[in-house]
Amino acid sequence: MTSDLTPASRQSPAASGVEAVAVLADEVRRRLYAFIRRAHRPVTREEAAGDAGISAKLAAFHLDKLVAAGLLTSRYESPGGIRRVGRKPKIYEPADTDIRITIPERRPDALAEILIEAVLDQQEGEDAQSAALRTARRRGEELGAATRASSRPGRLGPERSLTLSESVLEKHGFEPDRHAPTEVRLLNCPFHPLAARSPELVCGINHAFLGGFLTGLQAAGVAAVLAPHPGRCCVELRAPASGGSVPDPARGACAKEVCARPAADPDDA
């Protein structure tokens, strides 16, 4: 999950996935890509062109589009390591990438990595759920600290904390909505429908992760609060209204009867 939860300038998995699928909408590119995946070895543009029944020049154009979309990698090398006189040909291989698109965005891999790490790092006398919550909070703290290190925001007051949190959580599929200057609702749960199957565990992990994120970010006067509501994430980020106090984060799991209801969003694409 480190790749998912590390701030970076690159696009979110959903955005890059959409671009990759758009590139594969072209029939010639789909055929070239399928041929190279089946080959299980580096392929030259001439070989790919021959299979697709097009010129090498046209094949090179489409292959480079696939490289730009992150679906293929390329380099100059003699196939099979055989040395030949002259310039080495350009060869292509499938990129080590996993393209997925879900609308709204889902991140079961992020949840799985938290659970795997919790199992591997479970401490003596600690039950599985406590290990998962501890791991989720630490992961959140790492993301918050990395965000702070990369953006260098200085001292963060409540409203600036929420603004910075919005930009980060948007990249991770939460669909933040600034309901008020001091409140951010998260309109999408990246862990749905798993949250509906086990709301006590999954919503607790989500709550711990977001609370840890605020801690790592050093977001003064902001809390992650369990506020289950049908059709959106069970956690909200809140700062006190003028003259108010910081809301206490809810303790325990979200209400099963609320979180277990199907979210009012489109089916996953």
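**Chat about a predicted model**

Modeller: In this predicted model, strand S4 and strand S5 (residues 183-186) pair in the antiparallel sense over four bridges. Pairing takes at least two DSSP bridges between two strands, and strands are DSSP runs (E, at least two residues), helices H or I runs of at least four, numbered from the N terminus.

Biologist: Nice. Which residue stands opposite Val184 in S5?

Modeller: That's Arg178.

Biologist: And what order do the strands of the open sheet have?

Modeller: The order is S4-S5-S7-S6, four strands with antiparallel pairing. S4 (176-180) and S6 (223-226) are the edge strands, each pairing on one side only. On average, neighbouring strands are turned by 30 degrees against each other, direction ignored.

Biologist: Which strands does helix H7 lie across?

Modeller: Helix H7 (residues 158-171) lies across S4, S5 and S7 (235-238), at about 155 degrees to S4. Helix H9 (residues 199-217) lies across S5, S6 and S7, running at about 165 degrees to S6. Angles run from 0 to 180 degrees between N-to-C directions, with axes fitted to C-alpha atoms, for helices over the stretch in contact.

Biologist: Switching topic: at what angle do H2 and H4 cross?

Modeller: The axes of H2 (residues 27-39) and H4 (residues 56-68) cross at roughly 75 degrees and come within 10 Å. That makes H2 roughly perpendicular to H4 (65 to 115 degrees; under 35 is roughly parallel, over 145 roughly antiparallel, the rest oblique).

Biologist: Which residues meet there?

Modeller: From H2, Val28, Arg29, Leu32, Tyr33 and Ile36 meet Ala59, Phe61, His62, Leu63, Lys65 and Leu66 in H4, where contact means heavy atoms within 4.5 Å. By class, this contact has eight nonpolar, one polar and two charged residues.

Biologist: Is Cys189 buried or exposed?

Modeller: Cys189 counts as buried, at 11% relative accessibility. Buried means under 20% relative accessible area, exposed over 50%, partly exposed in between (1.4 Å probe, protein chains only). Cys203 is buried too, with a relative accessible area of 4%.

Methods. Residues are numbered from 1 along each chain as its sequence is written. This is a predicted model: local features need pLDDT of at least 70, side-chain atom pairs count only at pLDDT 80 or more; totals for chains, interfaces and linings use all residues. Side-chain values use heavy atoms; hydrogens and water are left out. Ala, Val, Leu, Ile, Met, Phe, Trp, Tyr, Cys and Pro count as nonpolar, Asp, Glu, Lys and Arg as charged, and the others, Gly among them, as polar.
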